[in-house]
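Let's talk through a model together, one question at a time. Have the coordinates open while you read.

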Amino acid sequence: MFARQNKKRKPDTAPLPEQIDAIRQRAARGHHLDQVLWGKVLLKSVYMPSDPAQALVWFTMAANAGYGPAHNMVGRCHHFGWGCDKDLLLAAHHYETAARLGDEWGRYNLGILTMRGIGVPKNLKKALGLFTAAAHNGHAKSMNLLARFLEEGWETPQDKAAALAWYRKSAEGGDYRGRHNYATALVDAGRVEEALHWWRLALPDATSDILLAMQKSLEKLGAAADPSLYAALLEKLKTLPTQADETEHI
């Protein structure tokens, strides 16, 4: 009888780590930053099952209080359909609100939509303004895209020297796309050893689209390439889907 009863019992949920539970408690007390952090835990955490709908509730609480990063996360939820129906127009609205409140991720994400014409009319000039503002405020991914605009001469005079400087800043800021693009520019300048250094740093976080671009670049280098880097790249490609991250741009 006792054996049958034990089989019916659900396993106890493991207690949250102290630092994660502290975030939960501060969120419950109304701290906006912690409400966003707790929502991110609910979106994806090794400590509990994912609950996107509840994550959206917490993001919305903080957004309703006028907290910019929370509007960005509400935008992300509507952008990708996390805990709600996908609604690109509503996503753009929340990114715009986040940007207006000074959130650099909001500027970046709105810039992506306006650059590509996703959910809103395509507007390269507006996208450039958003990436420029965020880049000057230290946002590494926006630095990479500002560099791309300068390199291509999109809505701004072409300036490859300035583009190289911004790619370097993006790389130094930790953006793997900026690291890849800076490495590519270094190869073009004949600075192969420096390029290999930045590709090594880009490898751990790179998505499949960047890895494939790196693969082509390393194959062009031939004997000048780093065999161990190339082997590690091929190994990582085996573990990743071949679809690019739609939230970013090379």
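Q: Which residues lie nearest the centre of the second largest pocket?
A: This is a predicted model, where local features need pLDDT of at least 70 and side-chain atom pairs count only at pLDDT 80 or more, while totals for chains, interfaces and linings use all residues. Residues are numbered from 1 along each chain as its sequence is written, and side-chain values use heavy atoms, with hydrogens and water left out. A pocket here is an open set of points on a 1 Å grid over the protein atoms alone, where a 1.4 Å probe fits, with protein on both sides within 12 Å along at least five of seven lines; lining residues have an atom within 4 Å of a point. The lining of the second largest pocket has 18 residues, and those nearest its centre are E151, N181, T184, A185 and D188.

Q: Which element gives the most to the lining of the second largest pocket?
A: Helices are DSSP runs of H or I with at least four residues, strands are E runs of at least two, and both are numbered from the N terminus. Two or more lining residues come from each of α9 (140–152), α10 (160–172), α11 (176–188) and α13 (208–221). With six residues, the top contributor is α11.

Q: What is the volume of the largest pocket?
A: Its lining takes in 20 residues, with K40, L43, M73, R76 and W82 nearest the centre. The elements giving two or more of the lining residues are α3 (32–43), α5 (68–80) and α7 (104–116). Volume means the space filled by probe spheres set on the points, with grid points joined across faces, edges and corners. For the largest pocket that comes to about 630 Å³.

Q: How many charged residues does the lining of the largest pocket have?
A: Ala, Val, Leu, Ile, Met, Phe, Trp, Tyr, Cys and Pro count as nonpolar, Asp, Glu, Lys and Arg as charged, and the others, Gly among them, as polar. The lining of the largest pocket has eleven nonpolar and three polar residues, and the charged ones number six.

Q: Which residues touch the most other members of the largest nonpolar core?
A: A nonpolar core is a set of buried Ala, Val, Leu, Ile, Met, Phe, Trp, Tyr and Cys residues joined through side-chain atoms within 4.5 Å. The largest one has 37 residues, and its most connected members are F131, W199 and L218. The biggest share of this core, six residues, comes from α9. Back to the three names asked for: F131, W199 and L218.

Q: Is L229 buried or exposed?
A: L229 sits in helix α14. Contact means heavy atoms within 4.5 Å, and beyond its neighbours within four places in sequence L229 is in contact with L196, W199, R200, L203 and L218. Buried means under 20% relative accessible area, exposed over 50%, and partly exposed in between (1.4 Å probe, protein chains only). Because its relative accessibility is 4%, L229 counts as buried.
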